[in-house]
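Please open the model in your viewer and keep the selection panel at hand.

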Amino acid sequence: MTNRLWHERADALKIDGRAFIDGKRTWAVSGQFFDDHSPVDGRHLAQVARCDSADVELAVRAARTAFDDARWAGQAPAARKRVLIKFADLVVQHGEELALLETLDMGKPIKYSQSVDVNATANCLRWYGEAIDKIYDEIAPTASDSLALITREPVGVVAAIVPWNYPMIMAAWKIAPALAAGNSVILKPSEKSPLTALRLAELALEAGIPAGVFNVLPGFGQEAGAALALHMDVDCIGFTGSTRTGKQIMQMAGQSNLKRAWTELGGKSANIVCADCPDLDAAVEAAIGSIYFNQGESCNAPSRLFVEASIKEQFLAKALALIPAFQPGDPLDENTVMGAIVDVIQLKSVLGYIEAGKAEGAKLLSGGKQVQLETGGYYVTPTLFDEVDSSMKIAREEIFGPVLAVLSFTDINDAIRQANDSPFGLQAAIWTSDLSRAIKTARALRAGTVHVNQYDGDDITVPFGGYKQSGNGRDKSLHAFDKYTDLKTTWIHIS
Ligand code: NAD
């Protein structure tokens, strides 16, 4: 579609910002709403229901009733599979509309909203649908006078609280395994990007997910989010967001009913490039492409780049040659690869980190500026700092913007020590031709995922999650079912 057509479609959009509870669109009980603006150009997108504890109460009641009467959990896995696959098909059918909503709501390029976000969301729903009727329970090898069954049961009412950087994908990573396993779900999207979640709820109902089984409550973290985390009748929280909020979620779980709290949190991933890297061009492309993808707003962005001193100059020359291709552009233009920062709060935070980098003595080699102010949107140039020291703020804290910190090393053990010297442990990478070094380094790096000679490995079949303060539990893969099911042991005496 042309740039002009996307703009025309954007202008013609009619957006419904009401919550989705018990199969129906509804305003918040309080009547409150908030205004959702686009970071693309500042346009007003919608008034969105500002849900709080009263709406949480209604949604939890609906979800609990639906769970208890087994309208969904009681269906055969093959039946739930058919519905989830239809849900996936509907996401594909409505792909252009969903992509447009995603781009307008959070600023990512339309090219990626379609090719990445819509496709990954549909694929995730389809994959868990396909998986659920192929999983067997267990019988324990006990003595012959008994039979011990080990079965998986849905936990009950699951609250999924998700961030704004991949609104649909983060939601799908929670709702697909939770729904496939038979739970009722209440999704709380970020207040910065609530629109696709609300549309997904309508598509879920159309696909055949019964009313009450999947509810969506837009609203603020301190209101709707905290009310879910504190609720005595929510059995499980699947949370993705910042480490700061993750800690609060775990506290609220402990303070209330000790609900299971699974957290996928922030990152400051280390990317280590050795002088014997087998393909320097590939390493440069991965380093640059991965940090600027999604405007740098990716939890697993390789934001700390450690380059062996002897090749640093060569590496930086290649990197600087690639950077112009990532200048931010109109997110509704299909040629744009970097879009807008999600909102003014995030924009100020990113610019604040850039100032901190300069003040602490890092060398700004590229970017560092807000541009395209005339659009009314929030755009930052791809930024690269050299001569970064591990003690600097830009090397320690998650920036969540298009800012790369380059450090150097002469001894791989020192690089590993620095890479591990972080509260985070989401991902890491090592580039080397030496197989033993690759394996030893991968073992030594404290991260949930370690890449060797690549950074873009990504598949629904593999677990995604962190060590340390990057969280617990895993999204994606069959392991996600561990979060949304309980194991039951049934001992049967054989006389
Ligand atoms: P955030 O923690 O501010 O918000 C995440 C969600 O939590 C939102 O829906 C928000 O409304 C809600 N929330 C905020 N305060 C709350 C509270 N007190 N109680 C309950 N809910 C509350 O994070 P964000 O800015 O939306 O997202 C960015 C963060 O998410 C980054 O740190 C990023 O690394 C992380 N992230 C992690 C992964 C992963 O898989 N590890 C994936 C994507 C994003």
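Select the ligand together with Glu 398, where an N or O atom of the side chain lies 2.6 Å from an oxygen atom of the ligand, a polar contact in the sense of a pair of N or O atoms within 3.5 Å. This is a predicted model, in which local features need pLDDT of at least 70 and side-chain atom pairs count only at pLDDT 80 or more, while totals for chains, interfaces and linings use all residues. Residues are numbered from 1 along each chain as its sequence is written, and side-chain values use heavy atoms, with hydrogens and water left out.

Now select the whole shell of 31 residues around the ligand, counting a residue if one of its heavy atoms lies within 4 Å; among the closest are Glu 191, Ser 242 and Thr 245. By class, the shell holds 15 nonpolar, 12 polar and four charged residues, where Ala, Val, Leu, Ile, Met, Phe, Trp, Tyr, Cys and Pro count as nonpolar, Asp, Glu, Lys and Arg as charged, and the others, Gly among them, as polar.

Finally, zoom out to the C-alpha atoms of the protein, which fill a box of roughly 75 × 65 × 40 Å along the principal axes.

Key:
Polar contact = N/O pair within 3.5 Å; in protein donor to acceptor, adjacent residues only side chain to side chain.
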